[in-house]
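Please study the sequence and the structure before reading each solution.

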Amino acid sequence: MKSFKIFVVEDDPFFGESLKYHLKLNPDFEVFLFKTGKECLDNLFQNPGIICLDFGLPDTTGDVLLKKIQQINNKIPIIIISGQEEIEVAVDFLKSGAKDYIVKNTHTKELLWNSIIKIRENLSLIEEVEELKEKLEQKFSFENTILGQSDAIKVVFNKINKSLSTNINVSINGETGTGKEIAAKAIHYNSDRRNKPFVALNMAAIPKELVESEFFGHEKGAFTGADQRSAGKFEQADGGTIFLDEIAELDLNLQSKLLRVLQEREVTRLGGKSVIKFNARLITATHKDLKEEVRKGTFREDLYYRITGLPIELPPLRERGHDILLLAKHFCDLFTKENKLKNITISKEAKEKLLKYKFPGNIRELKSIIDLACVMCENNEISVDDLTFESINAADFFLSEDKTLKEFTAEIILYYLKKNNEDVLKTARQLDIGKSTIYNLIQSSQTKK
Ligand SMILES: Nc1ncnc2c1ncn2[C@@H]1O[C@H](COP(=O)(O)OP(=O)(O)OP(=O)(O)O)[C@@H](O)[C@H]1O
């Protein structure tokens, strides 16, 4: 473990040395003893983890020194050690930002020890949170999350970029699995709000009766089962972003409540009286056509206009061309890395099959197809047979290809011919067509070869 620097600023040499001796019993602690405020300030460049300040020093007082230290570096936790027992003095120090106030008596050493341990634990938690935040930011930078080079996805990148510098509401539309949630996170983690919360709520996933308390929070006893006060999602998202997924599923009654909250930018907890202001960017998403929902009367027109802001349309995977292969390779690499497998490649035929498929479940579906293919494949190569398209039946897949009727007919005839061991008569009977049609087809497909 890294050593932890502690400054003890104490003019009484005996008391100072005894604190230093006691703290040094912890091998992680590196203790520096200073007799004046000036010595302490001159050594701040050493960046101590904590400073323990005596209240009365020969050249200054604890409160003055506290302020000076804070002006230079307000991140260093400060503990005041003082002979004064008055509560008001302690309260004043704590209000000014001191982390603890310890009275000089026979227990000072133990109290100081415990206080330092506690503050240090807190500091490492804060450091851990900062590190995680940083990782999250890296995770959500565009390059690492929303993969794609197609023109269709570039339009999305452009819109996301445009949304970053303002607080405009964003409404994302796209089929299931097209990446609506990661787009919302990309906006949050690349905007100025990145250090504040990203709060997501899926309208389709919460029971209708609970939506209101999830939105606005509740006071203790507001309804049966509300045994604790709880902050609503809007309150929790203050300073950050609130992401309302599947917004079209919101009940009409709640739509009008949501509209009011968005207009006023304030909420009142259920069972509460005080009004709580919030400042959060709103991002909504749906796979439905909201305009159509407005026409049908299932979505309020005024709410529609309030939330639309900057609309972002996420294209279905089938419209992203070779992004399919780029994503397939990405998921392949991810799977092999997570499962510590050797590198797996995708055969040319398998790539062609992927490019032809329509992916109704979009990127989420592609990921599960590739995961399964990685498990099923032999010799570290995904072949056509390793690709299982579960979500639609064979006929749908067949029909999803862009072909003329003549080409479809030819394919059906050749399929049955092969199945019937090239028996033309049997095939003609089965399909109720003339033998000559089959012979002509065989001839033209041979000349094509
Ligand atoms: N362009 C992309 N690059 C890499 N991964 C992606 C991309 N788009 C989506 N994904 C991944 O696909 C999965 C589905 O994405 P996401 O949950 O954001 O979709 P969604 O549109 O919100 O889905 P739903 O409508 O079902 O809620 C996630 O695992 C996500 O990380």
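**Exercise 1.** How are α14 and α16 oriented to each other?

*Solution.* The model is predicted: local features need pLDDT of at least 70 and side-chain atom pairs count only at pLDDT 80 or more, whereas totals for chains, interfaces and linings use all residues. Residues are numbered from 1 along each chain as its sequence is written.

Step 1. Helices (H or I, at least four residues) are DSSP runs, numbered from the N terminus. Axes are lines fitted to C-alpha atoms, for helices over the stretch in contact, and angles run from 0 to 180 degrees between N-to-C directions. The axes of α14 and α16 cross at roughly 50° and come within 9 Å.

Step 2. Angles under 35 degrees count as roughly parallel, over 145 as roughly antiparallel, 65 to 115 as roughly perpendicular and the rest as oblique. α14 and α16 are therefore oblique to each other.

Step 3. The crossing of α14 past α16 is right-handed; a crossing has this hand if the near helix is turned clockwise from the far one by less than a right angle, and is left-handed if anticlockwise.

Step 4. Two residues are in contact if their C-beta atoms, placed from the backbone, lie within 7 Å. On the α14 side, the residues include Phe331 and Phe335, and they belong to a contact with α16 residues including Ile363 and Ile370. By class, this contact of α14 with α16 has 10 nonpolar, one polar and two charged residues. Here Ala, Val, Leu, Ile, Met, Phe, Trp, Tyr, Cys and Pro count as nonpolar, Asp, Glu, Lys and Arg as charged, and the others, Gly among them, as polar.

**Exercise 2.** Describe the packing of α14 on α15.

*Solution.* Step 1. Helix α14 (residues 323-338) and helix α15 (residues 348-356) have axes 9 Å apart, at an angle of about 120°. This angle makes α14 oblique to α15.

Step 1. Ile324, Leu325 and Ala328 of α14 make the contact with Lys351, Leu354 and Leu355 of α15. The contact of α14 with α15 has five nonpolar, no polar and one charged residues.

Step 2. α14 passes α15 in a right-handed crossing.

**Exercise 3.** Which residues are the closest to the ligand?

*Solution.* Step 1. A residue is near a molecule if its C-beta atom, placed from the backbone, lies within 6 Å of it. The ligand is surrounded by 17 residues, the closest being Leu147, Gly179, Lys180, Glu181 and Ile363.

Step 1. At least two residues of the shell come from each of α8 (180-189) and α16 (362-376).

Step 2. By class, the shell has five nonpolar, seven polar and five charged residues.
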